[in-house]
Amino acid sequence: MGPDFRPDEREAAISGLAAEILAGDPDKAWAALRTAGLLDLPERDVALVLIEAGRRADRVTVPPPESVLAACAIGDGAVAGALELTTAHVRTREQFGRPIATFQAAAQQIADVYVVARTLHLATLAALWREDETELAVAAQWLTTEAPPALRTCHHLHGGLGLAADYPLHRYTALVRDLVRYLGGAEHRLGILGGHVVHRPD
């Protein structure tokens with residue numbers, strides 16, 4: 001049996017409370033999170049809060065990451081948020097009298113983004129739960145390599161709307177771009193991951 005990445009009751013409570021607070025006034029979000037004690041938890045638990053914050057980067061300003069783990073957590077949420085926004089769009093946008101989600105090409109593209117989002121989420125959770133540098137390197141490499149093209153696909157599926165500077169998808173894209181820059185880019189993270197694999201004990 002493989003590892004179980006489902007959150008326990010405490011972890012689910014942290015994520016749920018963070019999501020509830022972040023759904024409120026975006027200008028007071030971080031103060032409210034601190035008042036609730038969610039930013040004074042161990043880094044692994046704060047990462048759960050950052051996942052929820054990244055998921056809402058279309059309305060909440062996310063501070064710069066202070067660690068690789070934080071960057072992966074924010075990126076995890078950002079890709080998930082972009083996927084949710086895009087999925088809602090393709091279900092309602094129509095061409096030829098049908099939602100574009102019913103067209104095979106669009107359905108395949110949204111499925112590809114789902115795979116990226118789900119894999120990044122599992123890689124981030126593995127890094128959180130196992131507290132292993134190799135698992136963290138996997139998450140960072142996946143974020144830097146796969147998240148940017150996934151966001152480009154989201155923009156493509158939005159059509160002309162995806163090009164509008166005031167549309168929230170741009171905030172997800174800018175956030176992912178900043179995270180990739182913070183992590184040093186895809187080639188840099190691949191080199192770090194390779195070093196962990198080569199030197200990993202049997």
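A pocket here is an open set of grid points with protein on both sides within 12 Å along at least five of seven lines, and its lining residues have an atom within 4 Å of a point. The model on screen is predicted.

**Stop 1: the second largest pocket**

Select Pro7, Ser15, Leu48, His121 and Leu125. Of the 13 residues that line the second largest pocket, these lie nearest its centre. The space there has a volume of about 190 Å³.

Now colour α3 and α5 (104-130). Each gives at least two residues to this lining. Which helix supplies the largest share of the lining of the second largest pocket? It is α5, with five residues.

Next, colour the lining of the second largest pocket by class. Expect seven nonpolar, two polar and four charged residues.

**Stop 2: the largest pocket**

Move on to the largest pocket, which holds about 300 Å³ of space. Select Val46, Leu50, Pro64, Glu66 and Ala70. Among the 14 lining residues, these are the closest to the centre of the largest pocket.

Then show α2 (29-35), α3 (43-55) and α4 (68-92). These are the elements that contribute two or more residues to the lining of the largest pocket. Pick out α3: its four residues make up the largest share of that lining.

Keep α3 selected and look back at both stops. This helix supplies at least two residues to the lining of the second largest pocket, and four to that of the largest pocket.

Conventions
Residues numbered from 1 in each chain as written. Predicted model: local features only at pLDDT ≥ 70, side-chain atom pairs only at ≥ 80, totals over all residues. Heavy atoms only, no water. 1 Å grid on protein atoms, 1.4 Å probe; cavity = no way out; pocket = protein on both sides within 12 Å on 5 of 7 lines; lining within 4 Å. Points joined across faces, edges and corners; volume = space filled by probe spheres on them. Nonpolar A, V, L, I, M, F, W, Y, C, P; charged D, E, K, R; others polar.
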